[in-house]
2 protein chains.
Amino acid sequence: MTRDPATLVAAARDGNRTALARLLSLVERGGAEARAVGRLVHPLGGSTRTVGLTGAPGAGKSTLTSALVGAIRRDGLDVAVLAVDPSSPFSGGAILGDRVRMGEHALDDGVFIRSMATRGHLGGLALATPEAIRVLDATGHQRVLVETVGVGQVEVEVASSADTTVVVVNPGWGDEVQAAKAGLMEIADVFVINKADRAGSADTRRDLEQMLALSPARDGWSPPIVETVAVDGRGVDDLWSALGEHERHLEATGLLERRRAERLDRELRAIVAERLHARALELCGGDEWDRLHADVLARRLDPWSASDRLLAEA
Amino acid sequence: MTRDPATLVAAARDGNRTALARLLSLVERGGAEARAVGRLVHPLGGSTRTVGLTGAPGAGKSTLTSALVGAIRRDGLDVAVLAVDPSSPFSGGAILGDRVRMGEHALDDGVFIRSMATRGHLGGLALATPEAIRVLDATGHQRVLVETVGVGQVEVEVASSADTTVVVVNPGWGDEVQAAKAGLMEIADVFVINKADRAGSADTRRDLEQMLALSPARDGWSPPIVETVAVDGRGVDDLWSALGEHERHLEATGLLERRRAERLDRELRAIVAERLHARALELCGGDEWDRLHADVLARRLDPWSASDRLLAEA
């Protein structure tokens, strides 16, 4: 298949899933082709809503995400899932694995599932994820679910780059995520107690309610706590309703635009920093570098003037 | 007193210690004046030899450094001491403290002592230290001793930016610096067992000898182990001799030039990276930034094209 970004974008918008997968691979890989994809899809999007799901490994995020996809599909919306694993060098090439993971949606053309890792992208997942979301946006996915594997800094950053952030915990959650608790309280728009049929569910709800009561209210929204048993689908419609309420809150209060502006600010800064970093790597090598280095070593030139000359070419 | 770098450099070369202290303050602070100082002093130096001393807090480095200064002075050489503390925001303003610390040299015009911290220098001590050394070099100090407070990454980096690196340990050293041991073996040109009159000195020597026997030989030099009791001066002449041997080895083998070339390579890269970082901070603000941000948010422009325009002005 072609690697030409424009051809791929047109095909993906016509529903060609292979073209879409190829576009996401280009984005993941970074570089000139990723930038070309970014330029093409950015003006085509803007209507999708994104939901980030984060929580400790084993909290049942994949099962919950799959169940949520079912609820979204019952409303007739097209949906994409980005499963982001900052700790893995492997990625969406593993389509078979993705399909197996969410087997029930494998034959549904209204569902697109994709694993993402960093590969060569210099800016890492923090830069690749919004780019991937824009590709999915431009290709008609009305909801994009971004699922991360854990509650580390990168995971939290990625999950909270969505419009709505869901934090998934389990009964007795406190122990594994003790250190991350404060950070999770800050980013959660919706809390899910998954595996709520297990012992300790009521305690966990009380624990969360207490922490929420102590937290300053954020943007006029008090995060609801939804109980689910993702394996048999219990509570998943409640979660989908809670997400809808948050979406309406985002729009009614202007918060959606404000959050997007803030996210874009962070993203643009990261892009500028990444490109300057790439430029630094280029500058510190090659013939001119060798010559200036030799001049400074021989004290014909001082380090600051040498850096002036290098930067003049930047 | 004037802050004009050229006037200060001329005065400091005439032996004006206040001018020298002022120059080092400018270097410490970073920015345009530090760069001006760097441009002025770089062509004037090249003859000093530098010795870095590192080791765990409490190993007796200050006392040892003071005793070593005595030995160097007995050979009629002018010497400067840079006491570098990466963990402290305080610095050479504390001249009284420095004088007290090395009281016996307080009235000796052939000795200049200076504490250094980072203050505003963007590149931190890793960039400020070589600049300070060049100032001391250009003002006639034939030896510069760079003493760091601990064995963390920054300390080791700073200490090993000298021509010769001395690692100071005590009898029973293993416990405090277990994690740092491998790194210390890599940078040490000379080992000192200070407080060698204490129990366990022979064990520590054996321990070091075993580790050295297992380490690959570096640049045809096997680090000697010198035993000192800095408080009463025992062994300090042996240390001064060992340093002299290493200096001759550096020169005879061409290692001096090679190490300086490598250090300069690292320093130039750090300068380029620092200046690009400063540039990124400038780019991501101001009217043009606000306008581009708004254009991207409204999807009149994509993030990559926005970064193109910002970088075109860089």
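In this predicted model, helix α6 of chain A (residues 124-138) has 15 residues that, at 1.5 Å a residue, should span 21 Å, and its end C-alpha atoms lie 22 Å apart, which agrees. The expected span is taken as 1.5 Å times one less than the number of residues in the helix, while helices (H or I, at least four residues) and strands (E, at least two) are DSSP runs numbered from the N terminus. Of the 15 residues of α6(A), 13 are buried, so the helix is largely enclosed by the rest of the structure; a residue is called buried if 20 or more other C-beta atoms, placed from the backbone, lie within 10 Å of its own, exposed if 12 or fewer do, and partly exposed in between. Just after α6(A), A:G140 takes a positive phi of about 85°. Residues are numbered from 1 along each chain as its sequence is written, and chains are lettered from A and ligands numbered from 1 in the order in which they are written. Local features need pLDDT of at least 70 and side-chain atom pairs count only at pLDDT 80 or more, whereas totals for chains, interfaces and linings use all residues.

Strand β2 of chain A (residues 79-84) is likewise described by its burial: six of its six residues are buried, so the strand is largely enclosed by the rest of the structure. Both of its faces are covered, with A:V79, A:V81 and A:A83 buried on one side and A:A80, A:L82 and A:V84 buried on the other. Strands are said to pair if DSSP finds at least two bridges between them. β2(A) pairs in the parallel sense with strand β3 of chain A (residues 111-116) over six bridges, and six bridges also join β2(A) to strand β4 of chain A (residues 143-148), again running parallel. A:A80 has A:F112 as its bridge partner in β3(A) and stands opposite A:V144 in β4(A).

Most residues other than glycine have a negative phi. In chain B, B:K195 has a positive phi of about 60° although it is not a glycine, and B:K195 is found in the loop between β6 (190-194) and α9 (201-214). With 24 C-beta neighbours inside 10 Å, B:K195 counts as buried. B:R299, also not a glycine, has a positive phi of about 60° and is placed in the loop between α12 (286-297) and α13 (303-312) of chain B; with 13 C-beta neighbours inside 10 Å, B:R299 counts as partly exposed.

The contact between the chains takes 35 residues from chain B and 35 residues from chain A, where two residues are in contact if their C-beta atoms, placed from the backbone, lie within 7 Å. On the side of chain B that touches chain A, α3 (31-41), α11 (255-283), α12 and α13 each supply at least two residues, and the largest share, 15 residues, comes from α11(B). A rotation of 180° with 0.0 Å of shift along its axis superposes chain B on chain A with an RMSD of 0.1 Å, which is the relation of a two-fold axis; the superposition is by least squares on the C-alpha atoms of residues with pLDDT of at least 70 in both copies. Of the residues of chain B, B:L276 comes closest to the rotation axis, at 3.1 Å (C-alpha). Of the interface residues of chain B, 100% are also interface residues in chain A, so the copies meet through the same surface.
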